Amino acid sequence: MDDVTVAIADPARRHILEMLRGQRLAAGEIADRFDISRPAVSRHLRVLRDSGLVRVTLVGRRRLYELDPSRLTDLSRWLAWLTGSDGWQRRFDALETEVHRARRDRRRGDAETLRREQTA
């Protein structure tokens, strides 16, 4: 987990990860989006690759980078534990229960209204 936290500590590397969310990009495409030198972007990509946060696929002469979010799992679990944010799941479960209860009550109310209309 330490190599992941070191990798995401830099704002430029976090920005690269955001760019790679949902798409593969060539190193040149990534570098074009920065005001820093290509060698600097290359070093950032190497740190991300070494930490396992990105994968590289060679397509011809191009290196395509893509996000590998699986390396964030341990960090995500630790942060959830540390912040107690795992309580959100309980809140979402309670909300789901209330939504189902409200739908059930609405259906019962609609059925009773229909029954009254039919007997009237």
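What follows is a short tour, from the overall layout to single residues.

## Overall layout

This is a predicted model. The protein chain holds six helices and three strands, and from the N terminus on these elements run α-α-β-α-α-β-β-α-α. The radius of gyration is 25 Å, well over the 14 Å that the globule rule gives for 120 residues, so the chain is more spread out than a compact globule. You can see this in the C-alpha trace as well, which spans about 80 × 35 × 25 Å along its principal axes.

Buried residues account for 24% of the 120 residues. The accessible surface comes to about 9000 Å², and carbon and sulfur atoms own 51% of that area. Of the contacts between residues at least 6 apart in sequence, 49% join residues at least 24 apart.

In soluble globular proteins, nonpolar side chains tend to be buried together. Here the largest nonpolar core has 19 residues, and those with the most contacts inside it are Ile-16, Leu-20, Ile-30, Phe-34 and Leu-48. At least two core residues come from each of helix H1 (2-8), helix H2 (11-20), helix H3 (27-32), helix H4 (38-51) and strand S3 (62-67). H2 gives the largest share, with five residues.

Leaving out residues up to four places away in sequence, Ile-30 touches Ile-16, Met-19, Leu-20, Leu-25, Val-41, Leu-45 and Tyr-65.

Phe-34 sits in the loop between H3 and H4. Beyond its neighbours within four places in sequence, Phe-34 is in contact with Ala-12, His-15, Ile-16, Met-19 and Val-41. For a sense of scale, the C-alpha atoms of Phe-34 and Arg-90 are 56 residues apart in sequence and 41 Å apart in space.

## Helix H2, side by side

The buried residues of H2 are Ala-12, Arg-13, Ile-16, Leu-17, Met-19 and Leu-20. Why do they fall on the same side of H2? They cover an arc of only 160° around the axis, which puts them there together. An α-helix has 3.6 residues a turn, so residues three or four places apart point the same way.

What do the buried residues of H2 pack against? Their partners are H1, strand S1 (25-26), H3, H4, strand S2 (54-59) and S3. On the other side of H2, Pro-11 and Glu-18 are exposed. Glu-18 has a relative accessible area of 55%, and its C-alpha lies 59 Å from that of Gln-118, a residue 100 places away in sequence.

Both ends of this helix deserve a look. At its start, a side-chain oxygen of Asp-10 reaches to within 2.8 Å of the backbone nitrogen of Ala-12. H2 is followed by Gly-22, which has a positive phi near 85°.

Val-4 is buried, with a relative accessible area of 1%, whereas Val-6 counts as exposed at 52% relative accessibility.

Setting aside neighbours within four places in sequence, Val-4 is in contact with Ser-51, Leu-53, Arg-71, Leu-72 and Leu-75. The C-alpha atoms of Val-4 and Asp-74 are separated by 9.5 Å, although these residues are 70 apart along the chain. Val-6 and Leu-17 are eleven residues apart in sequence, with 14 Å between their C-alpha atoms.

## A buried aspartate

Finish at Asp-68, in the loop between S3 and helix H5 (73-83). Asp-68 is buried, with a relative accessible area of 15%. Which side chain makes a polar contact of 3.4 Å with that of Asp-68? The partner is Arg-55. Apart from its neighbours within four places in sequence, Asp-68 is in contact with Gly-52, Leu-53, Val-54 and Arg-55. Leu-53 is also one of the residues in contact with Val-4.

Technical notes:
Residues numbered from 1 in each chain as written. Heavy atoms only, no water. Core = buried A, V, L, I, M, F, W, Y, C linked by side-chain atoms within 4.5 Å. Buried < 20%, exposed > 50% of the residue type's maximum accessible area, 1.4 Å probe, protein only. Helix = DSSP H or I, 4+ residues; strand = E, 2+ residues; numbered from the N terminus. Contact = heavy atoms within 4.5 Å. Arc of directions from axis to C-beta. Polar contact = N/O pair within 3.5 Å; in protein donor to acceptor, adjacent residues only side chain to side chain. Rg over C-alpha atoms; globule rule 2.2 N^0.38 Å. Areas by Shrake-Rupley, 256 points an atom, 1.4 Å probe, with all protein chains shown as cover.
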